[in-house]
Amino acid sequence: MIKKLARSIREYKKPSIITMILMVGEVLIECLIPIIIANLVNKIAASEETGLEMSYLLKTGLLLVGLAILSLGCGGLAAFTCAKASAGFAKNLRHDLFNRI
């Protein structure tokens, strides 16, 4: 059944593949953010007596903001390419069904 349906993708293979790549990128970034936050919390707890340098906090904060923006971009582009691929797939599927009937 999946093979029959996959034939209707045709010219929308590129947006389908790009969507999958962007979704994987978004998931990887979303999994990386808690690891960075945990590392920051551990550094803060370990340096309670000596003090933590403000430059490290700023670098980590900017990194987290950058990763959040990158994740947002991946998600937005994935939604755009997914909508394009799914609408094209539906168009091709309707065309194939009409020709078959």
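**Loop residues, pocket lining and cysteines of a predicted model**

Arg 10 is situated in the loop that joins α1 (2–6) to α2 (13–46), the helices (H or I, at least four residues) being DSSP runs numbered from the N terminus. The model is predicted, so that local features need pLDDT of at least 70 and side-chain atom pairs count only at pLDDT 80 or more, while totals for chains, interfaces and linings use all residues. Residues are numbered from 1 along each chain as its sequence is written, and side-chain values use heavy atoms, with hydrogens and water left out. The phi angle of Arg 10 is near 40°, a positive value in a residue other than glycine. With a relative accessible area of 36%, Arg 10 is partly exposed (buried means under 20%, exposed over 50%, partly exposed in between; 1.4 Å probe, protein chains only).

Ser 47 is buried, at 11% relative accessibility. A polar atom of its side chain lies 2.8 Å from the backbone oxygen of Lys 43.

Within helix α3, Leu 67 is buried, with a relative accessible area of 11%. Leaving aside residues up to four places away in sequence, Leu 67 touches Ile 29, Leu 32, Ile 33 and Ile 36, contact meaning heavy atoms within 4.5 Å. Leu 67 and Leu 32 are separated by 35 residues in sequence and by 8.6 Å in space, C-alpha to C-alpha.

The largest pocket has a volume of about 230 Å³. A pocket is an open set of points on a 1 Å grid over the protein atoms alone, where a 1.4 Å probe fits, with protein on both sides within 12 Å along at least five of seven lines; lining residues have an atom within 4 Å of a point. The volume is the space filled by probe spheres set on the points, which are joined across faces, edges and corners. Lys 4, Leu 5, Arg 7, Ser 8, Leu 93, Asp 96, Leu 97 and Arg 100 line the largest pocket. Two or more lining residues come from each of α1 and α3 (54–100), and α3 gives the most, with four residues. By class, the lining comprises three nonpolar, one polar and four charged residues.

Zero disulfides are found in the whole structure, a disulfide being a pair of cysteine sulfur atoms within 2.5 Å. The sulfur of Cys 31 is 13 Å from the closest cysteine sulfur, in Cys 74, too far for a bond. For Cys 82, likewise in no disulfide, the nearest cysteine sulfur is that of Cys 74, 14 Å away. Cys 31 is partly exposed at 47% relative accessibility, and Cys 82 is partly exposed at 40%.

Definitions and conventions:
Nonpolar A, V, L, I, M, F, W, Y, C, P; charged D, E, K, R; others polar. Polar contact = N/O pair within 3.5 Å; in protein donor to acceptor, adjacent residues only side chain to side chain.
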